[in-house]
Amino acid sequence: MFNLVLFGPPGSGKGTQSENIVNTYNLQHISTGDLLRDEVSRHTPLGTEAKKYMDQGLLVPDEVVIGMISGKIDDTPDARGFVFDGFPRTRPQAEALDKLLEFKQTQIHLVLALDVPEPELVKRLLGRGATSGRSDDNEEIIAKRIKEYHSKTQPVADYYNEHGKLENIVGDHSIPDTFKTLTKHINKYLLPVT
Ligand code: ADP
């Protein structure tokens, strides 16, 4: 198994690059943002709880997200590996993920962190807001999401760096150029299937 964390601030391109990666290497994509939005749209109890935080640009409580991830990993026991997108977003989430994977006798092999300057992030998120219909892509909430990122999510990079798993990637080149850089790192572990 090969397990990758695609790390970076809101708007850094994690969703786009995750799609490319899972298709190229036949991995399973786990995006907590997508999973939470799905729960919200189905009006499940978890979705109703999560929406309160998401609409304010705040992180959803760890226990909610961790429970959801655990079930998702169990859904595909035969996966070649997972790409975690938007998770872990706090240090306790990173520690919980390590425990879950250890239980499955596997681990996170690599963390690729997309580095994009803040003005570019805001520009991208506002652009997406115009078409996505996402209630959290407006100027006020974007500022809050970036603040949450700095205070709670940035420490996750330090956590993986301490474990020697972190690689920083320049994330404001074109989508294909950024993808090429990502594949150079992944190819050290796994060959493309396409
Ligand atoms: P982006 O990275 O573009 O901000 P996501 O789609 O990954 O967007 O997440 C949208 C929102 O969903 C976040 O602002 C947060 O409220 C919630 N969320 C997603 N993943 C997590 C997570 N791992 N932990 C806590 N909250 C999360």
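Reader: Which backbone oxygen is 2.7 Å from the side chain of T183?

Author: That of K180, which lies 2.7 Å from a polar atom of the T183 side chain. A polar contact is a pair of N or O atoms within 3.5 Å; within protein, one must be able to donate a hydrogen and the other to accept it, and residues adjacent in sequence count only if both atoms are side-chain atoms.

Reader: Before I go on, what kind of model is this?

Author: A predicted one, where local features need pLDDT of at least 70 and side-chain atom pairs pLDDT 80 or more, while totals for chains, interfaces and linings use all residues. Residues are numbered from 1 along each chain as its sequence is written, and side-chain values use heavy atoms, with hydrogens and water left out.

Reader: Back to T183: where is it, and is it buried or exposed?

Author: T183 is in helix α8. Helices (H or I, at least four residues) and strands (E, at least two) are DSSP runs, numbered from the N terminus. T183 is buried because its relative accessible area is 12%; buried means under 20%, exposed over 50% and partly exposed in between, with a 1.4 Å probe and protein chains only.

Reader: Changing topic: how much space is in the largest pocket?

Author: About 970 Å³. The lining has 49 residues, and P10, K14, R89, R128 and R134 lie nearest the centre of this pocket. Elements giving two or more residues to the lining include β1 (2–7), α1 (14–25), α6 (118–132) and α8 (175–186).

Reader: What counts as a pocket?

Author: On a 1 Å grid over the protein atoms alone, a pocket is an open set of points with protein on both sides within 12 Å along at least five of seven lines, while a cavity is a set where a 1.4 Å probe fits but cannot get out; lining residues have an atom within 4 Å of a point. Points are joined across faces, edges and corners, and the volume is the space filled by probe spheres set on them.

Reader: How many of the lining residues are charged?

Author: 12 are charged, with 18 nonpolar and 19 polar. Asp, Glu, Lys and Arg count as charged, Ala, Val, Leu, Ile, Met, Phe, Trp, Tyr, Cys and Pro as nonpolar, and the others, Gly among them, as polar.

Reader: Which peptide bond is cis?

Author: The one from F87 to P88, with omega near -5°. P88 sits in the loop between β3 (81–85) and α5 (91–103).

Reader: What about the phi of H43?

Author: Positive, about 55°, although H43 is not a glycine. H43 is in the loop between α2 and α3, and at 67% relative accessible area H43 is exposed.
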